[in-house]
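Trainee: Can you walk me through this one? I'd like to know what to look at.

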Amino acid sequence: RPVNQACVAVSREENRPVLTGVRMQFQGDKVVMTSTDRFRLARATFTWTPQNPDVDTTTLVRGSLLKDVARALDEHQNIRLISMPIARRCSASNAGRVSTSQLIDGEFPAVDRLFADEYPIQAVVNKQDLLDAISRVALVAERNAPIRMTFTGQEVALSAGSVDEAQANETLDIDM
């Protein structure tokens with residue numbers, strides 16, 4: 001499940017290889033997985049039992065490898081992650097299956113500052129109403145174009161498109 005959450009924003013554009021990966025930060029018993037395609041950010045955190053409790057390392061793993069591992073995962077068995085920094089490879093094994101991939105070279109974008117430690121303002125909205133509004137507004141959005149969400153008072157306004165093209169606007173009630 002954390003893999004699927006983290007892979008939501010993995011880019012499919014091969015011309016920017018670092019964006020096709022998921023940055024995996026291993027700090028003690030905590031793993032933070034982050035991806036971005038320049039328009040979206042995704043992050044998932046989970047705990048694990050490292051062989052070395054003092055581990056503090058970061059790797060950039062292909063999102064496609066992580067998705068494949070997640071699809072074939074036997075949730076009743078442990079998954080074993082092996083990082084081979086000198087060989088620039090990583091490996092994941094679970095239930096007799098082993099997947100190995102070359103690590104991605106390059107600098108992952110500095111996105112950590114975009115994630116707040118605390119969120120002093122929270123909006124509660126009906127999930128299905130939000131999904132339906134996004135689907136309607138997305139009809140006029142170009143491929144990979146953002147949908148803007150503006151929070152004011154007790155409403156969120158969703159919009160897409162531009163002045164020269166088709167536009168869509170939706171407003172939903174929220175509990176701010």
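Mentor: Start with cysteine 7, which is buried, with a relative accessible area of 5%. Buried means under 20% relative accessible area, exposed over 50%, and partly exposed in between (1.4 Å probe, protein chains only). One caution: this is a predicted model, where local features need pLDDT of at least 70 and side-chain atom pairs count only at pLDDT 80 or more, while totals for chains, interfaces and linings use all residues. Residues are numbered from 1 along each chain as its sequence is written, and side-chain values use heavy atoms, with hydrogens and water left out.

Trainee: Switching to the core. Which residues have the most contacts inside the largest nonpolar core?

Mentor: Cys7, Val22, Met24, Met33, Val61 and Leu66, in a core of 18 residues. The elements giving two or more residues to this core are α1, β1, β2, α2 and β6. A nonpolar core is a set of buried Ala, Val, Leu, Ile, Met, Phe, Trp, Tyr and Cys residues joined through side-chain atoms within 4.5 Å. Helices (H or I, at least four residues) and strands (E, at least two) are DSSP runs, numbered from the N terminus.

Trainee: What is valine 22 in contact with?

Mentor: Skip the neighbours within four places in sequence, and the list includes Cys7, Met33, Val61 and Leu66. Ala6, Val10 and Gly63 are also among the contacts of valine 22. Contact means heavy atoms within 4.5 Å. There is also a second, separate core of nine residues, including Val156, Ala160, Leu172 and Ile174.

Trainee: Back to α2. Which residues of α2 are buried?

Mentor: Gly63, Leu65, Leu66 and Val69, in a helix that runs over residues 63-72. They sit on the same side of α2, because they cover an arc of only 160 degrees around the axis. That arc is taken from the directions from the helix axis to the C-beta atoms. An α-helix has 3.6 residues a turn, so residues three or four places apart point the same way.

Trainee: What do those buried residues pack against?

Mentor: α1 (2-6), β1 (21-27), β2, β4 (56-62), β6 (89-94) and β7 (97-102).

Trainee: Now charges. How many salt bridges are there in the whole structure?

Mentor: Seven. A salt bridge is a side-chain nitrogen of Lys or Arg within 4 Å of a carboxyl oxygen of Asp or Glu. Take aspartate 112 and arginine 23, whose closest N and O atoms are 2.6 Å apart. This pair links distant parts of the chain, 89 residues apart: aspartate 112 is in the loop between β7 and α3 (127-138), and arginine 23 is in strand β1.

Trainee: Is arginine 23 buried or exposed?

Mentor: Arginine 23 is buried, at 10% relative accessibility. Aspartate 112 is partly exposed, at 35%. Arg23, Arg43 and Asp112 are linked in a network of salt bridges.

Trainee: Which residue does arginine 40 bridge to?

Mentor: Aspartate 37, with the closest N and O atoms 2.8 Å apart. Aspartate 37 is buried at 9% relative accessibility, whereas arginine 40 is partly exposed at 37%.

Trainee: What does the side chain of threonine 36 reach on arginine 40?

Mentor: The backbone oxygen, at 2.8 Å. Threonine 36 lies in strand β2 (residues 30-36) and is buried at 5% relative accessibility.

Trainee: Last one. Where is valine 8?

Mentor: In the loop between α1 and β1. Valine 8 is partly exposed, with a relative accessible area of 47%. Not counting residues up to four places away in sequence, valine 8 touches Ser35, Arg40 and Ala42.

Note on methods: Polar contact = N/O pair within 3.5 Å; in protein donor to acceptor, adjacent residues only side chain to side chain.
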